Amino acid sequence: MEAAQDTGYVTASLRHFMTKETAEADLPLELSVEEATREITRAIGLPSVDMENRQQIYELFVRRPNGSAERLNPAARVADAIAPGDIVEPLPEVIPGRGVA
Amino acid sequence: MLDLDLLLRDATAGHEVRREPLPAHVAERLIADTHVSGVLAGVLPNDGAPIRVDAFALETDDGPARLRVEVGAGETSFLKLYSHAVLRDDAEVIVARLLQAKAIEKGTYTFTPASSTVVSPAGGRIRLRPCPRRPGRLPGGSLVERGVREPRACRHPAIVLPREQAQALVAQARASEVEVGASLVVETFLIEEPVPCRLGLRVLEVVELAHGTAGTETHLRITPEALAAVGSRETDGRRAGGLAHSHPFGSKLEPGTDPRFLSSEDKAVATGWFWQPYHLQLIVDPRFTDPEDAIAAYAWADAALVRVCVYLTES
């Protein structure tokens, strides 16, 4: 996988929570992890609102080529948090419940 | 890909009440179902190679709207037609959201798919490469060898739930007065016996949801960390296969009412996140100790969520 740091992007793989498929993507270095998460979920068509019409909560997880994995701090910058070759995966908060039968 | 809307009409007057975009994963669900149907029918190759979407169209010319989905692989293609009824649960979720937002009045509505009239906004600042759909290969497997004595002629996926796993779910539910949940790790296989639906699922492991997951009497908040913990256990032969959660409010419902239903919230979870043909939803009523009485199962059959039977096995 190629790094694109010199052009203002980092190339990483996006893993899709439901299909487990991955796609390569260039992520702008200047984004915060929170901004990147929002853009990633929109780009791959994940649900954007929850049952109460609030913005759907996601957190971004990363798996490093060395096998380590971690949840990324939403306030961190992509430039500091994601390295070339990382696999990133947005995961949702989901709330099953009683609702209306 | 065709962008779809859902048209809601007043069931009595017939006039249009609302037009809402259908999420992108609705189309993906139909594509995944068409693919697996083609594989089960022996028309599409079961080799794990990428698939094509040769057609995804809305047909409205001769009666009620229907969706035409054609999936190809190699030299072959498989066509499946879906009536608008396949969107019933998606419609229920949309209506529930609109009611929550007070965007529509309580009432009775009919629904039908329609071509979107709005152009999707261009992508943001991320440059995303095309990603071929690669559903993977289904290994062959026997229901009998997995402990099923007499395979039944069901038209839904065959679900094998070892009693040990079922009892673990029931014990977890009975140990709490609030909703609790578990992720299901499953194996998928192409059933060797001659049954109507040859997609087989066996629950290999139930993983209690932790990492900050918290329940109340009526809801369960599952954190991203809990889902990540399950994802780390996946391999080619072990997939995250859906969720189980308890409905501990059975004693507060009208007498005779079965609490093992899927609520609108449950359907939002199933249609939004767990829509692959091999995904399950299990609901556990903690008033019962026997899994046969405590557990109800829901699975996807022809891309629609239906209550299904399970094989409780001793092995």
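These notebook entries record what I looked up in the predicted model of chains A and B.

**Entry 1: Conventions**

I noted that residues are numbered from 1 along each chain as its sequence is written, and that chains are lettered from A and ligands numbered from 1 in the order in which they are written. As this is a predicted model, local features need pLDDT of at least 70 and side-chain atom pairs count only at pLDDT 80 or more, while totals for chains, interfaces and linings use all residues.

**Entry 2: Chain A**

I found two helices and five strands in chain A; helices (H or I, at least four residues) and strands (E, at least two) are DSSP runs, numbered from the N terminus. The C-alpha trace of chain A spans about 55 × 25 × 20 Å along its principal axes.

I then looked up burial. A residue is buried if 20 or more other C-beta atoms lie within 10 Å of its own, exposed if 12 or fewer, and partly exposed in between, with C-beta atoms placed from the backbone. Of the 101 residues in chain A, 39% are buried. For contacts, I used the rule that two residues are in contact if their C-beta atoms, placed from the backbone, lie within 7 Å. In chain A, 57% of the contacts with a separation of 6 or more join residues 24 or more positions apart.

**Entry 3: One residue, A:Ala36**

I located A:Ala36 in helix α1 of chain A. Is A:Ala36 buried or exposed? A:Ala36 is buried, because 30 other C-beta atoms lie within 10 Å. Leaving out residues up to four places away in sequence, I listed A:Leu27, A:Leu31, A:Leu60 and A:Val78 as the residues that A:Ala36 touches. I also noted that A:Ala36 and A:Leu14 are 22 residues apart in sequence and 11 Å apart in space, C-alpha to C-alpha.

**Entry 4: Where the chains meet**

I recorded that 35 residues of chain A are in contact with 42 residues of chain B. On the side of chain A that touches chain B, two or more residues come from each of β2 (22-28), α1 (33-43), β3 (58-63), β4 (69-71) and β5 (87-92) of chain A. Which element gives the most to this side? It is β2(A), with six residues.

I sorted this side of chain A by class and found 21 nonpolar, four polar and ten charged residues. Ala, Val, Leu, Ile, Met, Phe, Trp, Tyr, Cys and Pro count as nonpolar, Asp, Glu, Lys and Arg as charged, and the others, Gly among them, as polar.

I also found that β2(A) pairs with strand β7 (residues 127-128) of chain B in the antiparallel sense over two bridges; two strands pair if DSSP finds at least two bridges between them. In this pairing A:Ala25 stands opposite B:Leu128 in β7(B).

**Entry 5: Chain B as a whole**

I counted six helices and 18 strands in chain B. Its C-alpha atoms fill a box of roughly 50 × 50 × 45 Å, taken along the principal axes. Of the 315 residues of chain B, 42% count as buried.

**Entry 6: First sheet of chain B**

I traced an open sheet of three strands in the order β2-β1-β6 (chain B), with antiparallel pairing. Its edge strands are β2 (16-21) and β6 (109-115) of chain B, each of which pairs on one side only. Strand β1 (residues 4-10) of chain B pairs with β2(B) over five bridges, and B:Leu8 stands opposite B:Arg18 in β2(B).

**Entry 7**

β3(B) and strand β4 (residues 66-73) of chain B pair over seven bridges, with B:Ala57 opposite B:Arg68 in β4(B).

Helix α1 (residues 24-40) of chain B has 17 residues and reaches 25 Å from its first C-alpha to its last, close to the expected 24 Å; the expected span is 1.5 Å times one less than the number of residues. Why do I call α1(B) largely enclosed by the rest of the structure? I do so because 14 of its 17 residues are buried. After α1(B) comes B:Gly42, whose phi is positive, near 80°.
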